Amino acid sequence: TLLSIFAGVFQTGITLFYLNTACNRPAVTANLFYGFKYLFKKSLGISAVLILLNTACTLPFDICYFLLRSGKGFDTITMAILCIVLMVIGMCIYIPLSLGLSQAYYLLLDFPQYNAMELMKLSFRIMKGHKWELFCLQMSFLPLGFLCLLSFGIGSLWLVPYMNMTQTFSGSDAERTPITDIYYDYYVCKNTFHKSNAYGMCFYFVHYEFSVFLSPCTLSHFR
């Protein structure tokens with residue numbers, strides 16, 4: 001788990017790499033280490049929440065499955081049913097939460113001045129009403145995933161970049177929709193309307209009656 005949390009810091013750099021590609025900016029290998037060099041603590045915080053959330057949701061199933069495999073006086077059918085129930089419950093809890101946190105790394109690159117908790121809360125508010133769309137998008141890759149298995153994983157060399165780039169653009173589409181009050185506390189009350197960070201989604205904010213319209217790759221509007 002600790003190794004997974006530490007490795008999760010790479011996700012900041014991976015996100016930057018695909019954002020640079022999507023916004024027609026140079027995407028280089030050095031981007032992958034951006035989280036370690038500039039945003040280590042916040043990247044580590046987001047990674048820790050995601051990994052621990054996954055662990056907490058799967059732990060009951062893991063324990064039940066371990067007891068089932070041990071076969072120490074437990075009824076096999078009962079334990080098997082219990083494992084299935086715990087797995088379904090864990091997935092029903094984890095999937096909505098993970099979808100809600102899916103924009104945290106993107107927001108981290110645009111708003112490095114905010115802490116990990118603020119970024120995750122903001123991600124939840126952005127994804128409100130868009131979780132199902134992202135879930136359907138992710139499920140649409142399953143057939144390609146099965147084809148990758150038939151190719152002994154070689155197809156993943158093409159599928160993984162395709163999935164990441166598709167999710168980058170889909171996240172941009174979700175963030176372009178009008179969202180009420182999301183940034184009111186951050187920009188209006190705190191009067192912190194400022195230039196976007198050069199490495200993020202380059203959001204272009206238009207505030208009208210506490211509504212925000214987001215558009216990617218619009219850094220030129222702030223210059």
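A residue counts as buried here when its relative accessible area is under 20%, as exposed when that area is over 50%, and as partly exposed in between, with a 1.4 Å probe and protein chains only. By that rule, 35% of the 223 residues of the protein count as buried. The structure is a predicted model, in which local features need pLDDT of at least 70 and side-chain atom pairs count only at pLDDT 80 or more, while totals for chains, interfaces and linings use all residues. Residues are numbered from 1 along each chain as its sequence is written, and side-chain values use heavy atoms, with hydrogens and water left out.

**Overall make-up**

- The protein has eleven helices and three strands, where helices (H or I, at least four residues) and strands (E, at least two) are DSSP runs numbered from the N terminus.
- Read from the N terminus on, the order of these elements is α-α-α-α-α-α-α-α-α-α-β-α-β-β.
- Taking contact to mean heavy atoms within 4.5 Å, residues 24 or more positions apart account for 65% of the contacts in the protein with a separation of 6 or more.
- The protein exposes about 12900 Å², of which carbon and sulfur atoms supply 70%; accessible areas come from the Shrake-Rupley method with a 1.4 Å probe, and for residues only the protein chains shown count as cover.

**The largest nonpolar core**

- A nonpolar core is a set of buried Ala, Val, Leu, Ile, Met, Phe, Trp, Tyr and Cys residues joined through side-chain atoms within 4.5 Å.
- The largest such core holds 21 residues, and those that touch the most other members are Ile46, Leu107, Leu109, Phe111, Leu119 and Met120.
- Two or more residues of this core come from each of helix H2 (10-22), helix H4 (40-70), helix H6 (104-110) and helix H7 (116-127), and H6 gives the most, with six residues.

**The largest pocket**

- On a 1 Å grid over the protein atoms alone, a pocket is an open set of points with protein on both sides within 12 Å along at least five of seven lines, whereas a cavity is a set of points where a 1.4 Å probe fits but cannot get out; lining residues have an atom within 4 Å of a point.
- The largest pocket contains about 720 Å³ of space, a volume being the space filled by probe spheres set on the points, with grid points joined across faces, edges and corners.
- There are 27 residues lining this pocket, and the closest to its centre are Gln11, Ser102, Gln138, Asn164 and Gln167.
- The elements that give two or more residues to the lining are H2, H4, helix H5 (76-100), H6, helix H8 (131-139), helix H9 (142-150) and helix H10 (156-175), and H10 gives the most, with six residues.
- By class, the lining has 15 nonpolar, twelve polar and no charged residues, where Ala, Val, Leu, Ile, Met, Phe, Trp, Tyr, Cys and Pro count as nonpolar, Asp, Glu, Lys and Arg as charged, and the others, Gly among them, as polar.

- Ser43 is found in helix H4 and is buried, with a relative accessible area of 0%.
- Leaving aside neighbours within four places in sequence, Ser43 is in contact with Val9, Thr12, Gly35, Tyr105 and Leu108.
- Gly100 has its place in helix H5 and is buried, with a relative accessible area of 0%.
- Once neighbours within four places in sequence are left aside, Gly100 is in contact with Ser123, Phe124, Met127 and Lys131, and Gly100 and His130, 30 residues apart in sequence, are 8.8 Å apart in space, C-alpha to C-alpha.

- Phe66, placed in helix H4, is exposed, with a relative accessible area of 59%.
- Phe66 and Cys83 are 17 residues apart in sequence and 9.7 Å apart in space, C-alpha to C-alpha.
- Ile89 lies in helix H5 and is partly exposed, with a relative accessible area of 45%; from Ile89 to Phe61 the separation is 28 residues in sequence and 9.2 Å in space, C-alpha to C-alpha.

**Positive phi values in loops**

- Asn24 lies in the loop between H2 and helix H3 (34-37), has a phi near 60°, a positive value in a residue other than glycine, and counts as exposed at 73% relative accessibility.
- Phe152, found in the loop between H9 and H10, also has a positive phi near 60° in a residue other than glycine, and Phe152 counts as exposed at 77% relative accessibility.
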